[in-house]
There are 2 protein chains.
Amino acid sequence: MAKTSKATWIWFPGDFEIWLGNRFNNRRTERGAMFPPFWKQDSHWVTVEFSKTVTAEKPETINIKAEGDFNFMLDGKLQFGMPSSFVIPKGEHKLNFKVHNQSTPPALYVAGETINTDSTWLATYEDKIWIDENGVAHGSGIYVPAAKWKFDCPDTPPSGYSLERKEIMPVAVEKSAAGGMLYDFGRETFGYIKLKDVQGKGTLYIYYGESREEAQDKEYCETLDRIDADCDKETIIIKNSKAFRFVYIETEDGISFKEVAADFEYSPYKENKSGSFRCNDELINKIWDIGAYTMDLTTREFFVDGIKRDRWTWSGDAIQSYLMNYYLRFDTDCVRRTIRQLRGKDPVTAHINTIMDYTFYWFKSVHDYYTYTADIDFVREIYPRMQTMMQYVLCRTNSEGMAEGQSDDWIFVDWVNFPMHKRGTLCFEQILLCKSLETMKLCATILKDNPLQTPPQGSITVEEYTADVEKYTALEVSLQKKLKTTFWDDKHKAFMHAIEDGEMNTQITKFPNMFAIIYGYLTEEEKQTVMKSVMLNPDIESITTPYMRFYELEALCLMGMQQQVLKEIRNYWGGMIKEGATSFWEKYNPEETGTQHLAMYGRPYGKSLCHAWGASPIYLLGKYYLGVQPTKAGYEEFEIRPVLGDLEWMEGDVPTPYGKIHVKMDKNRISINSDGGKGTLIIGGHRYEIPCRKEVIIEF
Amino acid sequence: MAKTSKATWIWFPGDFEIWLGNRFNNRRTERGAMFPPFWKQDSHWVTVEFSKTVTAEKPETINIKAEGDFNFMLDGKLQFGMPSSFVIPKGEHKLNFKVHNQSTPPALYVAGETINTDSTWLATYEDKIWIDENGVAHGSGIYVPAAKWKFDCPDTPPSGYSLERKEIMPVAVEKSAAGGMLYDFGRETFGYIKLKDVQGKGTLYIYYGESREEAQDKEYCETLDRIDADCDKETIIIKNSKAFRFVYIETEDGISFKEVAADFEYSPYKENKSGSFRCNDELINKIWDIGAYTMDLTTREFFVDGIKRDRWTWSGDAIQSYLMNYYLRFDTDCVRRTIRQLRGKDPVTAHINTIMDYTFYWFKSVHDYYTYTADIDFVREIYPRMQTMMQYVLCRTNSEGMAEGQSDDWIFVDWVNFPMHKRGTLCFEQILLCKSLETMKLCATILKDNPLQTPPQGSITVEEYTADVEKYTALEVSLQKKLKTTFWDDKHKAFMHAIEDGEMNTQITKFPNMFAIIYGYLTEEEKQTVMKSVMLNPDIESITTPYMRFYELEALCLMGMQQQVLKEIRNYWGGMIKEGATSFWEKYNPEETGTQHLAMYGRPYGKSLCHAWGASPIYLLGKYYLGVQPTKAGYEEFEIRPVLGDLEWMEGDVPTPYGKIHVKMDKNRISINSDGGKGTLIIGGHRYEIPCRKEVIIEF
């Protein structure tokens with residue numbers, strides 16, 4: 001009997017994410033109004049062909065399900081109608097299914113004894129049949145392996161996908177002076193408010209708040225619902241999910257309800273495959289826990305920026321979520337989904353999220369993903385969309401080959417509290433572009449070195465990958481040289497800000513300098529210099545968003561300053577906890593007080609109090625304290641360089657494709673246990689090999 | 001009170017056609033199996049923003065309907081929920097609506113006293129909001145006038161569009177020897193078979209035939225239905241429309257029906273705005289009538305090739321339909337719909353319908369449309385998609401700037417009965433490319449010369465149009481020169497076929513030579529020479545498809561051979577009528593007999609017996625006998641060069657944007673009546689001005 005995998009639903013790669021992304025990104029509301037993104041949204045292909053050549057050792061019945069109308073061709077002959085089952089005769093046969101669906105991605109599920117849909121099937125959205133001078137039909141379309149995920153039952157098609165839900169209850173209820181009731185769910189949460197035993201006819205007003213103040217501020221709370229009901233002891237579940245800790249509800253006369261609950265909506269994960277961290281400092285432990293909770297709330301259909309607002313996928317936020325996630329849940333499915341969704345389809349008409357820096361982070365995120373997972377198939381899948389994205393970038397560079405913001409580009413860098421121009425040629429953007437070119441080179445190299453044995457028709461050839469390696473190497477080398485010759489200020493020992501209207505803008509900020517440290521564009525000596533001249537220089541403006549603190553603290557860790565970074569973490573993240581945070585915020589300024597912490601964008605509750613980029617200690621503690629990181633893709637090889645900083649002891653897990661790496665350390669002793677991969681412990685100038693699934697104990 | 005037009009549904013230009021095209025092209029079936037196209041199908045934009053700045057002279061209530069979820073922003077402020085009505089305060093206000101719909105095109109209907117959705121509203125699928133260093137929001141998207149059509153009622157949204165239907169009955173019924181019943185609808189028709197008073201439980205088998213033979217051949221008829229029914233005197237209407245003259249029905253024991261009818265489906269037209277033709281020759285009149293009927297059957301949501309098969313939009317077929325249509329129904333809506341649908345969206349990944357020649361016809365069809373309608377707005381709308389289509393073409397030209405078929409291009413030219421290679425650089429394709437470059441030049445010139453007073457943000461500038469004029473003029477001039485130097489054979493006085501593998505393929509066919517005549521790439525003297533050396537040379541292989549006969553006979557008419565062409569029409573189209581045709585065929589070979597006429601593509605009933613390209617006498621009789629054609633766009637100026645050929649008399653109408661031009665002529669006298677435009681009658685070396693709405697009679 002031929003070997004076979006289990007049947008699963010298949011579709012054209014990227015279609016599911018693009019479609020789901022449309023549902024997801026169009027679900028944001030602001031004070032009851034829908035709030036769609038302002039960038040182009042694509043759609044799945046509406047007609048997709050799936051095919052495979054199969055060998056049946058005996059006549060085999062296949063059961064067929066499709067999302068959409070479909071046809072079925074056996075050995076080139078169309079079969080009647082849309083059969084729900086079919087007997088494949090003994091022998092080798094070519095199976096072709098075409099599925100058409102305008103509303104949701106065309107998907108196919110075929111299950112037999114040995115013939116089952118899976119990623120060995122090919123998919124195309126354009127078979128490009130043509131007929132030559134001899135009347136012979138040719139197909140010259142581009143075929144790719146079909147996409148699949150976890151939809152393994154005929155009755156769980158991809159379009160039915162949703163996160164999981166469980167009921168939660170408020171921990172406190174109080175009558176408000178204004179007449180309504182205020183419900184406190186104890187901590188930041190996300191889901192669907194549920195009113196039980198609703199009785200009577202009238203309108204229910206529901207106001208959500210990440211803070212008590214927001215929920216009770218009917219005029220300015222960011223999200224709300226108004227329900228006209230006519231019920232006889234029924235349960236009302238609000239259709240659109242919200243982020244909240246507090247919910248304030250007012251009812252018209254004539255309508256009442258007995259109880260408030262919520263359906264908490266979440267992306268499930270496995271505790272025993274997750275990262276962990278514990279140490280002697282309970283504040284650090286609390287920071288880790290709240291960071292993990294923040295990440296869990298923002299890990300949804302995609303990695304989202306914040307759960308109250310924007311609830312959109314943003315590439316700059318996402319790359320940080322990916323990195324934290326590699327040290328928390330290792331949810332690589334969500335990484336792939338988000339990368340696909342952010343990229344969308346061709347043609348490229350704008351930077352990702354309209355932001356130039358976000359395009360560059362997107363490139364980097366693909367290679368990061370490969371580093372942590374060794375998933376070549378995904379790199380191969382996404383590479384053509386990397387090519388067209390990079391074409392867009394390169395078409396818009398100036399005569400120096402540098403990326404400048406054009407009139408329709410958003411140059412973001414960071415939200416800053418000090419004057420900083422974003423026009424002209426920013427050094428920061430060139431450093432990111434340089435890394436993007438390197439990413440193209442690295443991905444092309446991986447694909448060149450790992451060719452498919454039987455590449456599907458229309459695949460990129462090894463020659464084309466090789467040409468890309470050469471092209472992007474040359475561009476990267478050239479740009480890296482220019483970084484120094486153009487932006488380096490030898491007097492101040494720092495990268496300057498930008499060329500603006502032909503003049504050097506000599507402002508010095510941490511942004512390009514810290515990325516030059518992280519991305520390795522400085523020698524060891526230069527790095528030390530930049531630490532003094534910029535990173536630790538009190539005259540340089542400080543960073544106030546957790547977003548850029550992520551990179552700032554990473555740069556400090558890379559320079560061996562784990563002790564100082566711990567202090568920063570205690571102050572900054574500890575500061576939010578002191579203010580009552582149950583999840584980490586979009587922005588935190590220790591100098592603000594009271595409701596000042598809630599405001600942003602000129603709105604009293606504009607700030608998101610559960611923002612993924614607030615959770616960076618998860619990443620820092622895993623990578624620079626437990627000290628674990630892959631040195632060969634997917635942890636085939638890895639290093640452990642543990643650093644206690646000022647801690648007495650620490651213990652934790654880092655998830656890997658093999659399982660986990662457990663590290664436990666105090667000032668005298670370290671023990672390591674790894675589920676797989678070739679590990680090396682590097683400590684005190686010594687290197688120790690880490691065997692698989694056997695505890696190693698080193699005493700100092 | 002501000003002037004205002006009637007409220008109408010609006011959407012993003014092209015979206016309706018792309019969406020409708022998907023429904024349309026995926027509706028084809030072959031023996032009960034769906035048969036989608038093998039080219040890429042795009043989708044409408046799923047989120048579209050509509051906006052307008054309005055001035056209300058007093059508070060004005062608007063009623064709002066949308067296809068999809070929507071939000072509404074008044075002066076930049078989002079309003080609660082999805083209001084069905086709203087009071088716009090007095091004064092100037094900015095209205096923005098965002099509509100999201102995955103399944104059907106986002107569309108909006110706003111109706112007030114003066115504030116109404118129409119094409120003065122702007123639409124964008126990507127508003128590209130970004131926030132500058134001062135926190136100010138910018139939008140840099142590309143805005144275009146919103147599209148509209150005839151959906152003027154709130155309850156008739158675009159997604160509800162369908163053609164009209166009326167019941168028709170068979171003209172004869174007979175019991176077949178095989179046991180079933182054969183119904184004859186008297187002539188070729190199209191619609192939904194309807195079984196009345198169905199009683200009992202069982203299966204009904206319905207076999208369709210354009211011929212009696214096909215309907216009765218259960219094994220090989222091209223379309224069929226199988227209905228499992230359980231009815232108590234109910235009417236069953238078959239869901240999927242079919243083409244047929246004959247229907248053969250078998251029923252299982254236990255189920256019966258009383259009567260067979262059909263819902264004829266058609267695109268309505270106005271008789272009093274249509275073309276007409278009558279002459280002393282009844283055969284020619286019959287040919288005109290059957291041609292008109294063929295055109296009416298193939299004029300549907302789009303101009304379709306044939307109604308049995310493929311029921312797809314094909315660009316090479318469509319351009320002929322457009323031209324016939326300008327002389328029959330002047331249904332310019334259907335022309336625009338088809339042009340938009342064929343082009344789809346970016347990125348261009350293949351030639352239109354995968355066929356290189358079909359891309360070139362598509363370009364030409366835009367300029368033809370302008371010539372007959374003077375509709376600059378449409379040229380402006382489609383021009384960006386012409387640019388990207390031409391980019392695709394030019395990216396694939398060889399070092400000589402010539403278009404060669406690449407491995408995934410279909411080079412069609414024609415179905416021929418003789419050996420003809422389609423590899424290499426075909427002269428025919430270069431002639432079409434040259435015309436496409438000229439079309440780009442002409443359209444850019446029109447747009448350059450007719451700038452909008454207030455072009456929406458992101459519009460193509462006059463400078464860009466001017467640059468395009470220069471670019472395409474240069475390319476056209478260069479290629480036109482090369483046509484002669486490369487392909488002209490001075491010995492045989494003809495264009496040779498192709499360069500193949502670096503060698504000249506010296507075959508001479510009518511294809512490039514007749515297009516060189518029609519497109520004006522020959523001097524008068526050369527044309528006369530080519531007539532002898534190619535067009536009337538019996539050694540040159542003859543053309544057997546009505547498709548290329550269209551151009552062949554046009555070339556002959558252009559050379560003044562109307563008398564001979566009439567003979568050809570009588571033989572060829574008269575020949576089909578003698579064979580019993582009630583509509584004109586995909587192909588006709590007078591040397592075949594009996595059921596040979598039904599076969600094609602190796603299938604006994606593969607041939608379409610109602611094929612648009614079969615109706616070309618409609619075009620020829622209007623343009624080269626009545627002799628009417630516009631000489632300035634949209635009949636602002638036109639010529640009448642009537643030619644009787646061998647007719648005694650003729651009389652007919654040619655539709656124009658102004659109404660009609662009526663021509664009546666015999667050997668002694670001509671009378672003309674025109675509804676508008678500056679007309680010139682050219683006859684016997686004389687020129688006569690034609691006044692508007694006043695009969696002119698010239699006697700010889």
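**Notes on the two-chain model**

1. Let's start with a strand pairing: Lys52(B) has Leu95(B) as its bridge partner in S8(B). The strand S3(B) is joined to strand S8 (residues 91–100) of chain B by ten bridges, and the two run antiparallel. On naming, helices (H or I, at least four residues) and strands (E, at least two) are DSSP runs numbered from the N terminus, and two strands pair if DSSP finds at least two bridges between them.

2. Some housekeeping before going on. This is a predicted model, where local features need pLDDT of at least 70 and side-chain atom pairs count only at pLDDT 80 or more, while totals for chains, interfaces and linings use all residues. Residues are numbered from 1 along each chain as its sequence is written, chains are lettered from A and ligands numbered from 1 in the order in which they are written, and side-chain values use heavy atoms, with hydrogens and water left out.

3. Back to S3(B), which also pairs with strand S10 (residues 122–124) of chain B, in the antiparallel sense and over three bridges. There, Phe50(B) stands opposite Ala123(B). Strand S3 (residues 47–56) of chain B has seven of its ten residues buried, so the rest of the structure largely encloses it. Buried here means under 20% relative accessible area, exposed means over 50%, and partly exposed is in between (1.4 Å probe, protein chains only).

4. There is also an open sheet of three strands in chain B, ordered S22-S25-S26 with antiparallel pairing. Its edges are strand S22 (425–426) and strand S26 (503–505) of chain B; each has a single partner strand, so one side of each has no neighbour in the sheet. S22(B) and strand S25 (residues 498–500) of chain B run antiparallel and are joined by two bridges, with Leu426(B) opposite Ala498(B).

5. How are the two copies related? Chain B superposes on chain A by a rotation of 180 degrees with 0.0 Å of shift along the axis, at an RMSD of 0.0 Å. The copies are thus related as by a two-fold rotation axis. In chain B, Ser103(B) has the C-alpha nearest that axis, 2.2 Å away. Both copies use the same surface, as 100% of the contact residues of chain B recur in chain A.

6. Aromatics next: over all chains, the structure holds 122 aromatic pairs. One of them is Tyr619(A) with Tyr624(A), edge-to-face at 6.2 Å centre to centre and 90 degrees between the planes. Tyr619(A) is buried at 1% relative accessibility, and Tyr624(A) is buried at 7%. Trp314(B) and Tyr358(B) have ring centres 6.2 Å apart and planes at 85 degrees, so this pair is edge-to-face. The pair links distant parts of the chain, 44 residues apart: Trp314(B) is in the loop between helix H3 (282–298) and helix H4 (315–326) of chain B, and Tyr358(B) is in helix H6 (residues 356–373) of chain B. Both Trp314(B) and Tyr358(B) are buried. (Rings of Phe, Tyr and Trp, the last by its six-membered ring, pair if their centres lie within 6.5 Å; planes under 30 degrees apart are stacked, over 60 edge-to-face, the rest tilted.)

7. Two charges over rings are worth a look. Arg187(A) lies over the face of Tyr293(A), 3.6 Å from the ring centre, and Arg165(B) lies over the face of Tyr192(B), at 3.7 Å. The criterion is NZ of Lys or CZ of Arg within 6 Å of the ring centre and within 35 degrees of the ring normal.

8. Which residues does Val654(A) contact, leaving aside neighbours within four places in sequence? They are Tyr327(A), Gly622(A), Leu626(A), Val628(A), Tyr635(A), Gly659(A), Lys660(A) and Ile661(A). Val654(A) sits in strand S29 (residues 649–656) of chain A and is buried, at 1% relative accessible area.

9. Finally, the annotation. UniProt (unreviewed entry) lists "domain: Alpha-L-rhamnosidase six-hairpin glycosidase" at residues 273–623 of chain A; that span is 53% helix and 5% strand. The same record type gives "domain: Alpha-L-rhamnosidase C-terminal" (unreviewed entry) at residues 627–665 of chain A, a span of 0% helix and 62% strand whose end C-alpha atoms lie 11 Å apart. UniProt positions follow the numbering used here, feature names are shortened, and annotations may be inferred rather than shown by experiment.

Conventions. Least-squares fit on C-alpha atoms with pLDDT ≥ 70 in both. Contact = heavy atoms within 4.5 Å.
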